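Subject: A structure for you to explore

Hi there,

Here is the structure I promised to pass on to you. Please open it beside this email and follow along as you read.

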Amino acid sequence: MSFDELLPLIFIGLMGVSLLVYVVSDGYDLGVGMLMHRATPEERDTMVASIGPFWDANETWLVLGVGLLLVAFPKAHGLVLSELYLPTALMLVGLILRGAAFDFRVKAKADRKAMWDRLFIAGSMLASVCQGWMLGRYISGFGEGWNYPIFAGAIAVALPMAYALLGATWLVMKTDGALQHKAVEWSKIAWPPMVLGLILISMATPWISETVRERWFTLPAMIAVASIPVTAGIALVTVRVLLGSPTVRGGLCWLPFALLVLVFFLSFLGLSYSIYPFVVIDRLTVWEAASSPDSLKVILIGVCVTLPVIVAYTAFSYRVFRGKTIELDYA
Amino acid sequence: MDAVFLARMQFAANITFHILFPSISIALGWVLLFFRLKHLRATDPQQKLDWLRAYRLWTKVFALTFALGVVSGVTMSFQFGTNWPGYMERVGNIAGPLLSYEVLTAFFLEAGFLGVMLFGHRRVGEMVHLGATFLVAFGTLMSAFWILALNSWMQTPAGYEIVNGQFHARSWLEIIFNPSFPYRLLHMVLASALTCAFLLIGISAWQLLKGVATDSASRVLRTGLVFAALAAPAQMMAGDLHGLNTLQYQPQKIAAMEGIWETTRGASLLLFAIPDDAARTNHFEVAVPKLASLILRHDADGELKGLNEFPSAHPPVFAVFWCFRIMVGMGILMLLVSWVGLWRHWRDGREFARMPRPMLWLFAGMTFAGWVATIAGWYVTEIGRQPFIVAGLIRTSDVASRVPSSSIAVTFAIYVAVYLALLVAYVGVLKYMAETADKKSYANVSVSPAGEPQQYQRRGEFA
Ligand code: HDD
Ligand code: HEM
Ligand code: HEM
């Protein structure tokens, strides 16, 4: 394969990684946002404080992911976003409301705070549900028929659950005392629907798409790729066991979150394996959709130079705000 | 309604909402750095406290502004593709890298250090914090750099070649530093400085009127006036240069701005007119003879091309003509207000307590003057580029989306409703924050659950 043919692959990889980082990082803060409806006003402040320094950078991964789709695969971008026009717009409205409410809630008059909190929760939910729906439509190649909307609908419920679980385990890691206790309980509640959703998706995807079926259920590849669901399953069970044990409120408070990130990563691998080499399943391959190698090279140089730096200062920021959450102020 | 028209309306509504916030934050980041340094340098304890108060209030303003800039910006990054898919297919090879570099070098920089800048005081040392503030301010400037490079390229394309209808890059230096880019960047950065300066002026004048935090408000007001008094004349000169550049590369835009239909020597400057696109003439003209030629050609008898030389390829005149007048009018007003204000302040012995209240009311009334001028200016630029999306090369109607117009109409309505509500909330909260600035400023900031064990990190642990 020549370098020019390799370029689209590099870019689909980059795009995938950006979207994965987005899903994990904005996933936990959307999850925290959705969980807020179960928290007391004081707890809400701590919850927001736990995501406060990060949410902006988290969302930037979405901008990068969609930006790469737009610039590296303009044809796929056109196709995907015209198919998903309405859910995309609604997701954006959700993200707008959430991002705005995040700042307004502590700056507006005290008696408006409850309203902004409601908008924060609603925005987080709207964005998550829309993302689930979009994911569902995307995996199923935008098919038409009675079963497709049901499939997308199921994911539109499962993904928010996954986010909620991720958010709850984030809180287990970042808080202590009564809130941490609650977060453990929330995690336990969100665990079964998330696992159920994951199983359903794994079963339904091959059923709904011929291409995926062939990829997964042909020997000998089947044996190798089976390790993905097996590992994910072990990780999920470990999360559940940890949630039931007291150690999760002590030194191991970070482990459930870390394991869930692993599960997200594995699901992402599985999904990529199902779809490759398509950008839009059964319709457009990576190479058909890519733009000219020249401009991809120009972007690649930028990526190679900046990505390590971005990773470094993201790590710096997480280091600065490591440990349990304390109140946020602009002192 | 037809889909292209709706797509244009929707795009315009989104970008108009978006630009409101960057136009403040591009300059406000640097102002915060200035306040912080003033606070650190001050030796007099009262002064130190005043600058700290100013810093805290304006950090909150920055946080809010930035958040709205980000969320509307995320929307923008989808709008390009959803509204103008053909655009990316045709010029993606040029627009793509510029947009990616914006994300990679600017957005991540701002977003990465914003947390440390806003909330890091208790956790990092002063130098690290100043560094974070600098990087955020620098990041906003980089955003402006890249996006304006793209916008300017669409106005005055250069450094490209067309192979099989596709645009390819020939020279990146020529693409980035295309003929109108330096002027547009300078003019936009100054616009941001003015927008921010009048926000400082307006809000602190309001605080003085209400008797809130008067000591720190006076300092901020003085700072704002000085900034504005410097930036306003600079902006006029930059605008003049920008206009000369436009005359060279987009004469039809100038003809629309000046309402000139027939090519004339010694064209007069229209102070008032109602341009009529259908009749191809102006009504109710009030004109100063020869002035337009004098300004644009620096020669009273210089020739200016008229719109009739560009059949079916010139912009709609009415909007461009009037937006231009609004911008220039605001520019003149800003100059007058800042200079008269500063002069008066000097006469009052540098005491705002002695400044006449109507003057303070005028300042307060000008709080959002920068927004008006900025938006008017952008409308001149963007509507003045019509009917092309890339000046002279690609028509807007050729690249529009194939999404059904009903979908566009629905989302358009939702966006506008959300934006209007947020705009009202934003202005309301600015007012509220200004009025409550001296009550212990964090009356309603998060309190952690009382009585719970907390692991506070020690101040400056990482410094
Ligand atoms: C505070 C804002 C502000 C103020 C006071 C002015 N402008 Fe401006 N103007 C802008 C903010 C702006 C802007 C919004 O930033 C634009 C749109 C695109 C750009 O680069 O700057 C703009 C565009 C713009 C253009 C359009 C160029 C083109 O698109 O080709 C011209 C000719 C001028 N300006 C000229 C002036 C003059 C002669 C001014 C004298 C008072 C002036 N502007 C004041
Ligand atoms: C169509 C054009 C535009 C697009 C697609 C766009 C996109 C974006 C996006 C995605 C963000 C959020 C970045 C983040 O996640 O931190 C953003 C913020 C920003 N944009 Fe834009 N933008 C556009 C126009 C402009 C213009 C015209 C300017 C100014 C000249 C500008 C300056 C900024 C700045 C300074 C920020 C930082 C956030 C803030 O200050 O509020 N953008 N933009
Ligand atoms: C610097 C970044 C910007 C870029 C890259 C950009 C790009 C575009 C594009 C692609 C269109 C649609 C195609 C067209 O109608 O020609 C457009 C239209 C428009 N833009 Fe911008 N824009 C930028 C900044 C702005 C800002 C800051 C404003 C206003 C505050 C603005 C106001 C408009 C308006 C009003 C239109 C519609 C013009 C019409 O269709 O008549 N733009 N711009």
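Below is what was found in it, site by site.

First, some ground rules: this is a predicted model, in which local features need pLDDT of at least 70, side-chain atom pairs count only at pLDDT 80 or more, and totals for chains, interfaces and linings use all residues. Residues are numbered from 1 along each chain as its sequence is written, chains are lettered from A and ligands numbered from 1 in the order in which they are written, and side-chain values use heavy atoms, with hydrogens and water left out.

**Ligand 1**

(Donors are N, O and S atoms within 2.8 Å of the metal, or 3.2 Å for Na, K and Ca; water is not among the atoms, so sites may look incomplete.) His187(B) sits in helix H7 (residues 181-210) of chain B and Met327(B) in helix H11 (residues 317-347) of chain B, so the pair links parts of the chain 140 residues apart. (Six donors count as octahedral if opposite donors are over 155 degrees apart and all others between 65 and 115.) Both His187(B) and Met327(B) are buried, meaning under 20% relative accessible area with a 1.4 Å probe, protein chains only.

Around ligand 1 there are 24 residues, and among the nearest are Arg184(B) and Thr246(B); to count, a residue needs a heavy atom within 4 Å. Thr246(B) has a polar side-chain atom 2.7 Å from an oxygen atom of ligand 1, and Lys253(B) has one 2.8 Å from an oxygen atom of the ligand. (A polar contact with a ligand is a pair of N or O atoms within 3.5 Å.) H8(B) gives the most to this shell, seven residues.

**Ligand 2**

Which residue is the only protein donor of the iron atom of ligand 2? That is His18(B), through NE2, at 2.2 Å, and His18(B) lies in helix H1 (residues 3-20) of chain B. The shell of ligand 2 has 24 residues, with Ser25(B) and Gly69(B) among the closest. Residues from chains A and B surround ligand 2, so the site is shared between chains. From chain A, Thr60(A) places a polar side-chain atom 3.1 Å from an oxygen atom of ligand 2; from chain B, Ser25(B) places one 2.3 Å from an oxygen atom of the ligand. H3(B) supplies the largest share of this shell, eight residues.

**Ligand 3**

For ligand 3, the iron atom has a single protein donor, Glu382(B) (OE), 2.1 Å away. Glu382(B) is in helix H13 (residues 369-383) of chain B.

**Chain A**

An unreviewed UniProt entry places the feature "transmembrane region" at several spans of chain A, including residues 6-25 and 296-316; such annotations may be inferred rather than shown by experiment. Residues 6-25 of chain A are 100% helix and 0% strand, with end C-alpha atoms 28 Å apart. For residues 296-316 of chain A, also 100% helix and 0% strand, the end C-alpha atoms are 29 Å apart.

Happy exploring!

Definitions and conventions:
Helix = DSSP H or I, 4+ residues; strand = E, 2+ residues; numbered from the N terminus. Buried < 20%, exposed > 50% of the residue type's maximum accessible area, 1.4 Å probe, protein only. Polar contact = N/O pair within 3.5 Å; in protein donor to acceptor, adjacent residues only side chain to side chain.
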